[in-house]
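Subject: Structure for you to look at

Hello,

Here is the structure I promised to pass on. Please open it next to this message and follow along.

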Amino acid sequence: MYRVLWAYLKQQYSSLTAYKSAFCMTLVNVFIRIYAYAMLWMTLYKQNASLFGNIDLNQMLLYSIFSISLSQAFTWWDGPHIYVEENIKNGRIICDLLKPMELQTQLFLRTLSSTVVNLCIFTIPSFLISTCFFKLELNVNIIGALITFVLGFLLLFSMNYILSLICFLSLDLEGYLYIFHALIAFCSGQVVPLWFYPDFLLRIINWLPFKYVFYEPLLLFIRNGNLFQTVCFQVIWIFILSLIGRFMWKCVSKKIVVQGG
């Protein structure tokens, strides 16, 4: 398994750095988004700091900057479900199914390698450069954040894996992707922190797993969250979604239809 992971890591690194212009444009895109959101939050904070509650400007900027940088590592808009959808349409999914390794394991190693490479070449450099540019104090909870970010990655993968299995049934994810991407952007706190939301929306979001991918780990990162509670809910949701994924795979594997080939 380690050899497979190492092979995926080299493949992901090569694909991301093969075209220098694309690599540079991706990095520029990350910095533009960071700068735009930082300017937005700085303006809002100057106009009405009471909107942010007990969150000061330094914490808000750290939250926003790392949220954008981390999303570039997680790439939730281009996960294993996109890979499965493309391979089902062109028929190459058969090659994955014939390999001496479960499809879920293959997708996990592929996703993990992509996340690690993106983390090293996009997330960490963009975050460190941005914090220096805005002269922010790095008063953060590294250990708590690291634990919850790893669990957040596993939670996101579990959701993406379920989407991948849905593709075997529907052969196309376009409609599902609109809903899933909207839920991630709106309910995870990746774009706008959930403390800005009205209470009736928060009561709904609290029953969903999305906020444990970005929002709760980011709160811990800026030293404003509950580590034990966040980890417990993340583990529970990972367990529930894993069971759903296992059940769906048993159903899907009995009748698989692909296109192309």
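How many residues apart are Glu85 and Lys89 in helix H4, and what does that separation amount to in helical turns? They are four residues apart, which means about one helical turn lies between them. Before going further, note that this is a predicted model.

Salt bridges

Side chains of opposite charge can pair when their charged atoms come close. In this model the count is five salt bridges. Glu85 and Lys89 form one of them, with 3.4 Å between the closest N and O atoms. Glu85 is buried at 9% relative accessibility, whereas Lys89 is partly exposed at 36%. Both belong to a network of salt bridges that also includes Asp172.

Asp96 and Lys99 make another bridge, at 3.3 Å from N to O. Here Asp96 is buried, with a relative accessible area of 3%, and Lys99 is partly exposed at 37%.

Arg246 and Glu102 also meet in a salt bridge, at 3.6 Å from N to O. This pair links distant parts of the chain: Arg246 is in helix H11 (residues 227–252), Glu102 is in the loop between helix H5 (93–98) and H6, and 144 residues separate them. Arg246 is partly exposed at 44%, and Glu102 is partly exposed at 45%.

Aromatic rings

A pair of aromatic rings is described by the distance of the centres and the angle of the planes. The count here is 26 aromatic pairs. One of them is Trp41 with Phe196, a stacked pair with 5.4 Å from centre to centre and 10° between the planes. Trp41 is in helix H2 (residues 20–47) and Phe196 is in the loop between helix H8 (174–187) and helix H9 (199–205), 155 residues apart. Trp41 is buried at 5%, while Phe196 is partly exposed at 27%. Both rings are part of a cluster linked by ring pairs, together with Tyr45, Phe52, Tyr63, Trp195 and Tyr215.

A ring can also have a charge over it in this model: the charged end of Arg110 sits over the ring of Tyr83, 4.0 Å from its centre.

Backbone

Two residues have a positive phi without being glycine: Thr75, at about 40°, and Lys135, at about 55°. Thr75 is in the loop between helix H3 (57–74) and helix H4 (80–90), and Lys135 is in the loop between helix H6 (103–133) and helix H7 (142–170). Thr75 is buried at 13% relative accessibility, whereas Lys135 is exposed at 74%.

Regards

Definitions and conventions: Residues numbered from 1 in each chain as written. Predicted model: local features only at pLDDT ≥ 70, side-chain atom pairs only at ≥ 80, totals over all residues. Heavy atoms only, no water. Helix = DSSP H or I, 4+ residues; strand = E, 2+ residues; numbered from the N terminus. Buried < 20%, exposed > 50% of the residue type's maximum accessible area, 1.4 Å probe, protein only. Phe/Tyr/Trp six-rings, centres within 6.5 Å; stacked < 30°, edge-to-face > 60°. Lys NZ or Arg CZ within 6 Å of the ring centre and 35° of its normal. Salt bridge = Lys/Arg side-chain N within 4 Å of Asp/Glu carboxyl O.
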